[in-house]
Structures are given as structure tokens and as C-alpha cells.
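The following report describes the fold as a whole and then turns to selected local features.

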Amino acid sequence: MRHDRLPDGFGVRIDPRVRAYSGGRVLIGGSPARLLRLAPEAAEMIGDGYLEVNGPKSAIVARRLLDSGVANPRPRLLPSPDDVTIIVPLHNNSEGLVRLLAALRGHNVIVVDDGSDQPVRIPSNRGARCRVTVLRHDRKHGPAAARNAGLRAATTDFVAFLDSDVVPRSGWLEVMLGHFSDPEVTLVAPRIVALDPESNALARYEHTRSSLDRGRREAAVQSRGLVSYVPSAALLVRRRALLAQGGFDESMHVAEDVDLCWRLERAGCRLRYEPAAHVAHDHRVSFRAWFGRKMFYGTGAAPLGERHAGMVSPLSVPSWTVLAALLFATLTKWGLIGGIITLITALARLRRVFTELDNPTRIAAIYLSRGFFAGLWRLASAMCRHYWPVTLLAMLMSRRIRRIALTMAVADGLADWFTHRDAGGLDPVRYIAYKRLDDIAYGAGLWLGAFRARSVEALKPTTPPR
């Protein structure tokens, strides 16, 4: 028996967004979307959308469903929370550390003081709640080096990284630990939520659209998937597996978490995002600090491009979507005809994928329209975020482009507000204003990072593989 086989009792549930055809033998879904064909015996195992592993055959089917992204894990076994060491990298945030330790009870904690102006001192009365060890760097080496120092000092099978400006919510650890009953899972991340979402209007926006929040939908963490990475503000990992990959890249002071996720993925490790586990983050909500942080995040794309060529593209849209959009944007009769012909051609090619299904033309049309409008949204978002300097230059040169760009900027902002309207409670005008400022800050950081690196790798659009 393979050591990485899913254990008996482990369950998988078909994602509710996946569509089944031909009596459940064909599944379409996942991120990126794909078509999965199952043998009749495998389709019968799934039944009402849930499969519990009870032997080698069901374990193989469950693994295939997980790897295809059409199903999510439902583990029933979990390691002991006592087998987890919590590592806290710290630099000049003693108040945040006190707040964090107050939320941790009964844990082994390693605080890595990364060159704070005043060495960290743990009050003795904290020992009743958690056991704290302090390691100190005499000078600042960066958060990646601090996390690695804690990783090397730990002895437990699992380590949880928590930044000093977070506060874990009740049950956060147990929810994530269950995923490690899959022996191939190396890293699990919780959802990052706002610690104080109501302090001002910017806090309400950040509660809705924080760069650290990966959303409500559980998913595998994959470079080209719905959740392409998870932030290092809160992570749970297998210690030995992370050590085997060298831990965090200490030469990176931004985007080291993205780099880690992609290196683990390339090594064949499985990573999960678990939004049922919540860790609250003390977001920056003064405008200057917020804007500067967004720019800082943008500068991380360039070093990522040097390490992961072809994976950092700010825009990945099928060529037929770009062609159709450009033709429609001409607002001419021949442009309209050309756009329609482009879509019909794409429909004919997509229909061949679904020929074995009933009514393949209808199914192809549904997925084509979804893909086209999703591509338009990505184009609009990229124009306003990653490529706004180019868009601004084009607007100054052409009245038609100016009208199109302004329309897309408002439409993209309204669509984004409508999608997140229940979370922050902001009116659409202020929401769109903050969204565009968010994009300007990130885009400025993106171009600044590319200029510093003397590389356009992080700016190049790509066409996704067929």
C-alpha cells in the first residue's frame, strides 16, 4: 500500500459549482475549469456527490477527484494540536505580541525577535497560558529569516506561522489540522479577516477587499487556480517537508509567501486554503500606510518573475477573447461582424470537446459565454490595475479610448462592489474610489519593481494553455 494513500474514513465532496453530465460520468468544473471523465464504477461510488474512502479503489477515485479540483476534502481524522509549535516573527510590535499571546492557550510558542529596538521580554504570568521561547536576532534580517529560525528550532511535526499583528479565532487550528490526514498535504492556510472592520470607511473597504483575504471558497492552492497563493501572515505546515524545501527564501522581503507556495507546488506538495478557519489581521487603515503597503505588494512581482518565469503574468486571457473584445471595441459594423465570427469560431472548436454529451452546442455556448465575460472582466481589471500607466497614456491620445476606459473602470468597479456588497457596507461611490486607488497603488509598485529589476517579465500578458 502506498504511504500517501488517503486513509479509510477520509471523505471528498463534489464542489457545488461542478456540473455533472452523462449520469455523473463526466464532470466539468474546478479551477482552472476542466472536463473529467470517470469510469461507470467510479461514478457510482460518488453517488449523491460524496465519496468516503473505504479501500484502495475508492482511495484512487478520491485522489483523482481532489487532484482535478472538482472535489474538496472532508477529513475525519486529525493530528493532535499538541503536536504544533507556533512561530511568531516579530519586529517592534510588542503590543501586538501581547494581544496574540492572550489568544493562544496551551501552545508551544517560539517568538523570533528580529532585531527589535528593545529586546522582547515575555511576562512570567504568560506561562500559564502558553509556553514561550524567545530567539533574538541582533539585527533585522527580515520576516523570512525569522520564520526559518523558528522552523529550525521547532521539534514538533507541524508548525504554525502567525504574524504579530494577527489574532486567531476560536477553532482555527483544529479546522486546519484535519487536512493533514491526507499524507500529501504540506501546507494549509486559513482565511484572513479584519480585526476591526468598522473603524473608518477605509477599514470597511479593506474588510471587503484586503489583499490577504483569499475569499470564501475553499480550494486547492495552485499557481494557475482560483487561489494562486496564500499569505504568510497565518500558515500551518509540515515541518520536515518545509525544511526539505529550504523554508522561506531569505533574500526576499516581499512575496516570499507566493514563492514558497509555488516552490512547494512544483515539488509535488499539496496545499489547501480553508476559509472555515479564521485569523483576524490588524489591517492598515490610515491612508498613507495603506497606500504604501499596496505599493509594496506590487513590487513583489518582479522578484517572483525572476524565480518563476511565465507564472507572474498580470493578465492571462485566451487569444480569441482578446481578439473579440478588440473588434467589439471598435464600435463599427465590421468590428461587430468580426467579433461575432470570432466567437462562432471559438464555439465550434469548444463544441468538439463536448461531442459525447447530450446537446453539446448548448453546453459549449454556456461555457463560452462564461469564459468570454470572465475574460472581459480580467481585461477591464488589468487596464485599471496592472496597466493603468499604459491606459492613462492611451486616454490622453484618443477620445474614443478615453470613453471606453472610463466606462470599463466604472463598470468593473460596480461589478466588484456588487460582488462584495454584503461584506463592507460601503456605498458604490466610495467603494469604486477606494478600488481605483488600490489599483493605482499596486500598479505603481508593479512598474516600480519592474524598473528596479530591469525586467518586463512581471508585465508580460500570456495566453493560457488550451
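Helices (H or I, at least four residues) and strands (E, at least two) are taken as DSSP runs and are numbered from the N terminus. This is a predicted model, in which local features need pLDDT of at least 70, side-chain atom pairs count only at pLDDT 80 or more, and totals for chains, interfaces and linings use all residues. Residues are numbered from 1 along each chain as its sequence is written, and side-chain values use heavy atoms, with hydrogens and water left out.

The protein chain has 16 helices and 15 strands. Its radius of gyration, taken over C-alpha atoms, is 24 Å, close to the 23 Å that the globule rule (2.2 Å times the number of residues to the power 0.38) gives for 466 residues, so the chain is as compact as a globular protein of that length. Along the principal axes, the C-alpha atoms fill a box of roughly 75 × 60 × 40 Å.

Ser181 is found in the loop between helix 5 (172–177) and strand 12 (185–194), and a polar atom of its side chain lies 2.7 Å from the backbone oxygen of Gly178. Leaving aside neighbours within four places in sequence, Ser181 is in contact (heavy atoms within 4.5 Å) with Pro7, Phe10, Pro75 and Leu77.

Helix 6 (residues 201–209) is largely enclosed by the rest of the structure, because seven of its nine residues are buried; among them are Leu202, Arg204 and Glu206. At the start of helix 6, a side-chain oxygen of Asn200 comes within 3.2 Å of the backbone nitrogen of Leu202.

Asn92, in the loop between strand 7 (84–90) and helix 3 (94–103), has a positive phi although it is not a glycine. Arg454, in the segment after helix 16 (428–453), likewise has a positive phi without being a glycine.

| Residue | Relative accessibility | Class |
|---|---|---|
| Ser181 | 12% | buried |
| Asn92 | 41% | partly exposed |
| Arg454 | 65% | exposed |

Methods:
Buried < 20%, exposed > 50% of the residue type's maximum accessible area, 1.4 Å probe, protein only. Polar contact = N/O pair within 3.5 Å; in protein donor to acceptor, adjacent residues only side chain to side chain.
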